[in-house]
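Me: Please take a close look at the aromatic ring pairs in this structure and at the backbone beside them. I would like one connected account, with the cut-off given for each term.

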Amino acid sequence: MNGQTDQRAARVDGRPDDSGEARPIHPGDDDGGPATLEQPAVDRPDGAAPAPRAHTTNRKPSPHKRDQDGRDQSPRDAGSREQAPREQGAGDQGGRTAAVPAQARSTDRIPAARDAVGTTAGSQVTDRYVLRQRIGSDPAAGAEFWRAEDTVLRRPVGITLLRRLPADDRSDDPEGAARAGEMVVRALRSGCFEHPGSARLLDVLAPGTHGLPEDVLGASVAEWVPGRSLAEAVAEGPVRAQRAAKAVETLASAATEAHQQGLVLGCDHPQRIRITPDGRAMLAFLLPRPSVTAADDVRGLGAVLYCLLTRRWPLSVADAARAGLVAAERTPAGKLRPPSALRPGVPVELDTLCTGALGQGEGIGRVHTAAAMHRMLGDVVATDADQAFFPPVRDGAPAEPDDVWQDFGADTRDDPRRRRNLRIGLSVLAVAVVLVLGWASIQIGSLLGAGGSSGPPVVVPTPAASAPAQPAQPGPAPAQAAGTPVVPSSVEAYDPSGDPDNPGQASRAIDGNPSTAWKTQEYKQQFPALKPGVGLMASFDAAQPINRLTITSSSPGTVVEVRTAPTADAPFEATTPVNRVTLRSGETTVPLDTAQPTQHVLLWITKLGGGGSDNASDISEVTFQRTVQ
C-alpha cells in the first residue's frame, strides 16, 4: 500500500516537447495513459503519506472548470483526480489524508520557457511581417515596440506587440489575455482615426490570429514614422523653445481630435513618440494600456514639451531609463523643477504651460484638456512667426542649420580665423572703393574737359548716313557711257537645293521673243517659307565688262538680286551681290556700278510677284550691255 501511496505524489520532470521547449509532465499527460512514475517511499515518523509536490505548467488558461485550489481541470485530469482520493483512502493508515504543508504550496508560478525566450529580430509575425529592430517597450501595457517590414508591400512599418505575461496564479488575468483583448478592441475602435500627429493604423492582429508567435497575444501595425526617437532628438542638446512648441503643437492637435472622438493616444510614454525630419512630434506606436485616460494624454503632452526643453523626462523614472533619458529633478517637497530653473531663457508661456500640463500648477495654472494646450501652443508659435525678424533670446540651445540667426550670442573676439577673414574682407572692400572712385573721376574729367584736353570726338550720324541701304528703285536709267549689246551663250535655271523651277523654259529668257517667258512654279507661301529663292544663271563665252542689263517681266513686285559667279554651277555662298532691284511691269533697267569683267551673271529672285496663295514670277527677256573699250 505504501508503494501505491508513493505513486500518487506527482513529480515535476521537465522534458522537451515537439517544439524544443521544456514542459513539465503531469499525471495523465503521456500518450499511454496516466503517469506511473515511481519514487522511493519515505517512512515518516507519524506514518503519514508523503505530500505531493506542487504542479507547475506553462499551459494557457483552460476553458474547463477550476478546482478548489484555482488550477485548471481538464476532463482527463479530472478523471485522474477522481481516482486519486480512492487510492489515497486505500493506502492511508487510519483513513487520514496527508496534509500539504503551507510552505510547499506554489505561490508564484514559474514562467514557462517560451516566456523567457520570446521573439527576436528576424522573427515573423504572421506570414506578412518580419521584425527588424526593437525600439522600446512599455511594461505597464505589456507592449514592445518594433520596426518591422511588410513583406507584401515592401515597406517599413511600426508594430506594437502585446506580450504574454509571466503567469501569476494570484492575478485575475494570469497571462494578460484579458488585457490584450481590451487593448485590441480599443485599437479596432480607433481604426478610422487619422491625423498628421499620429501614425496611421494599418492592421490589427487579434488574439488567436494565425501565425502569431506563442508569446504574443496580439499586435497593431502602423505606418513607420521616419526621423529620430525622443532621446536622439535631445542627445546633442535641448531644442530651441519655439521649435519645441511647434513640434508638440501637432501632437496636441492629434490628442484634441482623438479626445473629441472618445479615444486616447497614450502619449505619456517616451518611446511611443518620434520626431520627424521636419520637426513634428508624432505618436509612432499605438495600443495604449487600458488604464490610459485623456488626463494622461495631457500629462504626456506636457512631458514631451518638458523633455524637449530640458532633456529630462518628468514622468516615470523607469520609462526614462528604458528610453535613455535622464529623469527630471524634483524639489525636496517632491515637485518638479520648472524648465526655466534648468534652462534660462525659456519663455514664461512655455514654462507655465509645462508645469500646468504636468499637474504642478495651482488653480487657474492647471491645464486640464488637450484642446487648451493646443490653443496655447498655437499662440506661442504665431507670436514667434511675428517676431522672426528679431533675434531670439539666448537660451543655451544650439542653432539649427536652417535658422536665420546663427550663433548670435557667441563671443568670437579671440577667434583668429574670424580676424583673418575680417582683414581680407576689409582689404577687398578698400580696393573696390579705390577703383570705383578712380573710374568716377575719369568719367567726370572727360565730361568737363578738365586740363584743356578734349576727349575723343563724338560723331553724330546724319540721317542720310544712318539710313539703311534701300534697294534700287526702278526708273529711268541714269546717263551712262554708250555700250554695245552682248548675248549670253547659254542660260540655265538655278537652284542651290538641286530642284530648279522649269529648267526647260530657261532659254526663253534670251530668245529675243518677248511673247515667250521663263516662269517659276506657283508657291502657296512667299519666299523664304519653302526655299530661299530661285534664279537664272547666264553664261558668256568669255568674261565681259557688263555695265547694264534690262529685264522684261509681267510680274511687278518681284525682287531680283544681280550677282556674279565664278562658275555656272557655283554654290550660292560663292556668288557676289552687285545690285538689287524691284521689277515693274514691262522693262526694268538695272545699272551695274562696277563694270568688272565677269563670265557668269546670276539673276536671283528673293521675292515672288502676286500675293496670297498665288505667288509666281516670270522673265520674258534679259539683255546685257558691255562697256565700250
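Reply: Rings of Phe, Tyr and Trp (for Trp its six-membered ring) are taken to pair if their centres lie within 6.5 Å, and planes under 30 degrees apart count as stacked, over 60 as edge-to-face and the rest as tilted. This is a predicted model, in which local features need pLDDT of at least 70 and side-chain atom pairs count only at pLDDT 80 or more, while totals for chains, interfaces and linings use all residues. Residues are numbered from 1 along each chain as its sequence is written, and side-chain values use heavy atoms, with hydrogens and water left out.

By the ring criterion, the structure holds 6 aromatic pairs. One of them joins tyrosine 523 and phenylalanine 527 in an edge-to-face arrangement, at 5.1 Å centre to centre and with 65 degrees between the planes. Both tyrosine 523 and phenylalanine 527 are buried, where buried means under 20% relative accessible area, exposed over 50% and partly exposed in between, with a 1.4 Å probe and protein chains only.

The rings of phenylalanine 572 and tryptophan 604 have planes at 45 degrees and centres 4.7 Å apart, so this pair counts as tilted. Phenylalanine 572 sits in the loop between strand 19 (559-565) and strand 20 (576-582), whereas tryptophan 604 belongs to strand 22 (residues 598-607), so the pair ties together parts that are 32 residues apart in sequence. Here helices (H or I, at least four residues) and strands (E, at least two) are DSSP runs, numbered from the N terminus. Phenylalanine 572 counts as partly exposed because its relative accessibility is 23%, while tryptophan 604, at 3% relative accessibility, counts as buried. Elsewhere, Phe145, Trp224 and Phe285 are linked by ring pairs into a cluster.

Turning to the backbone, phenylalanine 527 is joined to proline 528 by a cis peptide bond, with omega about 5 degrees. Proline 528 is found in the loop between strand 16 (518-519) and strand 17 (534-544). In the loop between strand 15 (490-494) and strand 16 lies asparagine 502, which has a positive phi of about 45 degrees although it is not a glycine. With a relative accessible area of 22%, asparagine 502 is partly exposed.

Arginine 311, also not a glycine, has a positive phi of about 65 degrees, and its place is in the loop between helix 7 (294-310) and strand 12 (312-313). The relative accessible area of arginine 311 is 37%, so arginine 311 is partly exposed.
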